[in-house]
Amino acid sequence: MTGLEAIAAHNGWSIAIVGVTIVFTGLAMLSIILSQLYKVLDFWENRDDFFKRLKRGDAAEDLPDITVSPDMQETVRQYQMLADRLGEPFSLPKLLDFAQKCGLVNPHATINRLLKQNVIVPDGEGYYRWHQAISG
Amino acid sequence: MPTDIQTLKSLDLFEELTSEELTQIAPMIHPMKISEGELLTQRGEPATVFYVALKGNFIISFKDGQAFTLHNRGDIIGWSTIVTPFLYTGTAVALTDGEVLALNGDDFLQVIQGESSIGDKIMSKINPIIAERVPYFSRDKARRDLPPAETE
Amino acid sequence: MENMFLEFFSNTGYAMADYRHVIMIAIGIIFIYLGIAKHYEPLLLVPIGFGILIGNIPVFKGLGLGIYESNSVLHYLYFGVTAGIYPPLIFLGIGAMTDFSTMLARPLLMLLGAAAQMGIFLTFLGALALGFAPNEAASIGIIGGADGPTAIFLTAKLAPELIGPIAVAAYSYMALVPVIQPPIMRLLTTRKERLIRMEEPRLVGKREKMIFPIIGFLLCCFLAPAALPLLGMLFFGNLLKEAVVTERLAVAARNAIIDSVTILLGMTVGASTQADVFLTPQSVGIFVLGAVSFGVATASGLIFAKIINLFVKSKINPLLGAAGVSAVPDSARVVQMVGQEEDPTNFLLMQAMAPNVSGVIGSAIGAGILWSFMN
């Protein structure tokens, strides 16, 4: 038996469709979970700060929560990781230099956006701090 | 192309100058387009150009990684062109595309020293800015003079 | 004495050889040549090529020499193939040497790895249509996954008699990735698309990389348990790599273990291509379908990348879709090469590794699904 008849006789269409669907579902699920994983890890790593702020309830007065536009979230993450490596407070030119060396796109303009959105804030001594209360 | 008087008048640095005084200095001030990442001044190099920001954002960095940023129209860069030893104290880089007014350092110094009225008015605007920025480069100097262990 | 001499001569390979042996030996020599002179997957083609030579020395049946004779040394070594032992060990090594960072940095690109697995299922249908039995059709389809160990594993389970041609086809096409893929890539993409620059991937933390193999394993193997032998070892190897404290084991997995197994796998698979079982019309069909499968897999990835671009703001260079076939890292290198032909300053290699490694996971899931359906 050959041709479409053979495919139908061996349940080929169903196997192919279900197979493709499962592969897609598996990788799509993994993709979704992985895209959120780092956020969960970030939260876990900063849980103490989060609970402190929750308890005190005064953090908002010192440093209001800021909302970062969705298109900036990934960028914020990248730069936060770089800033974390530099420690707090960090040098802005060093962050810029670091971002350039890592090949990040438009580091100057990006840092400017982060400054304007108060994601990066000056400490008054010529150095900078990462805003501790950023939400998406 | 010299800058028009209205533009100069709208800037804090020149707002106290009369129309005649503005007309006098306008030919030596030239608008310049600046690209993101462009270097305007280099710390330690002879200060040859004075800039006034029209558009854009800038970072000025010092030794030991200190820095501040400028985001407003009228912010100035390169005051070392009119203060001895005429060497830039910081490195200025454009964070975004922008536009500045550029003044040749020698011309600017000549006007300030030669025209007392213009000099006084401009220096009265620049002095507070210098005072604000002094901690960056004076600390820079102080740190430079300290033994290495204490600078860490 | 003359009789003894004649009897001995009649038992030599010279007397027993026919044109089929000559053809197979020529193929073996071509494999060795491609591996050594052209550097096409030398670590695979040289052992397979020499294995083909070993398998095609005509031997007197009954002496326990041939790979298909139950008491021969080659047969014992081949047991690792037929019992499906070698492929998971190879996956252990692959896991221990693969950096999943770029995939973790942009998980969306994993879908390209999924799309490229369409080749497996479309070829499965094609093989059924050509009259192959379902188990054979599934084994042939998996060639499109461009993953030698997966193809061997599935074929060992479903159609052991086809291991030789399927393994040789799979590894041949993997070696020929730089020849097969570029024309399809150029055909299905515009110059403008090939010039697309990708955003730099974000930095991925160590903890994230450490957790990934556990999450990946649990999620994929709960979904497709039949992929357990392959994916279990893949993710285990990756955990050894990322856990840092198990660096010694990771080093063993990615060096000593994978190298030893590759030698045994390549050589025995090569030796299994004895002329009488290999040179059949069925083998020709497998090679043709394998090529189609590979082409369809490449095209599926490319087209799916273009479809994704209809919905996302940050465009994907569709060339990355071609890396969805799991020939790691060859297809990623080809993406880089074709991308740089258009723009020498465009570096796509790291980005292409994301669909490339997700293709490994996808083809293993695909194999698991086919295995479970055929049972």
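Student: Which residues have the most contacts inside the largest nonpolar core?

Tutor: This is a predicted model, in which local features need pLDDT of at least 70 and side-chain atom pairs count only at pLDDT 80 or more, while totals for chains, interfaces and linings use all residues. Residues are numbered from 1 along each chain as its sequence is written, and chains are lettered from A and ligands numbered from 1 in the order in which they are written. A nonpolar core is a set of buried Ala, Val, Leu, Ile, Met, Phe, Trp, Tyr and Cys residues joined through C-beta atoms within 7 Å, where buried means that 20 or more other C-beta atoms, placed from the backbone, lie within 10 Å of the residue's own. The largest such core has 139 residues, and those with the most contacts inside it are C:Ile166, C:Ala227, C:Leu231, C:Leu320 and C:Val335.

Student: Which helix gives the largest share of this core?

Tutor: Helices are DSSP runs of H or I with at least four residues, and strands are runs of E with at least two, both numbered from the N terminus. The largest share of the core, twelve residues, comes from residues 349-374 of chain C, which form helix H21.

Student: What does C:Leu320 touch, leaving aside residues up to four places away in sequence?

Tutor: Two residues are in contact if their C-beta atoms, placed from the backbone, lie within 7 Å. By that rule, the partners of C:Leu320 are C:Leu109, C:Leu112, C:Ala305, C:Val335, C:Leu348, C:Gln351, C:Ala352 and C:Pro355.

Student: How many helices and strands does chain C have, and what share of its residues is buried?

Tutor: Chain C is made with 21 helices and zero strands. Of its 375 residues, the share that counts as buried is 57%.

Student: At what angle do helices H4 and H12 of chain C pack?

Tutor: Axes are lines fitted to C-alpha atoms, for helices over the stretch in contact, and angles run from 0 to 180 degrees between N-to-C directions. In the contact, C:Leu44, C:Leu45 and C:Ile48 of H4(C) meet C:Val168, C:Tyr171 and C:Ala175 of H12(C). The axes of H4 (residues 42-55) and H12 (residues 163-175) are 10 Å apart, and the angle is about 145°.

Student: Which helix supplies the largest share of the side of chain A that touches chain C?

Tutor: The contact takes 34 residues from chain A and 40 residues from chain C. Helices H1 (3-9), H2 (12-45) and H5 (70-86) of chain A each supply at least two residues of the chain A side. The largest share, 20 residues, comes from H2(A).

Student: What is the strand order in the open sheet of chain B, and which strands are at its edges?

Tutor: Two strands pair if DSSP finds at least two bridges between them. The open sheet has four strands with antiparallel pairing, in the order E2-E7-E4-E5. Each edge strand pairs on one side only, and these edge strands are E2 (39-41) and E5 (67-70) of chain B.

Student: How many bridges join E4 to E7 in chain B?

Tutor: B:Ser61 stands opposite B:Thr91 in E7(B), and B:Ile59 stands opposite B:Val93 in E7(B). Strands E4 (residues 58-61) and E7 (residues 91-94) run antiparallel, and the number of bridges joining them is four.

How values were computed: A residue is buried if 20 or more other C-beta atoms lie within 10 Å of its own, exposed if 12 or fewer, and partly exposed in between; C-beta atoms are placed from the backbone.
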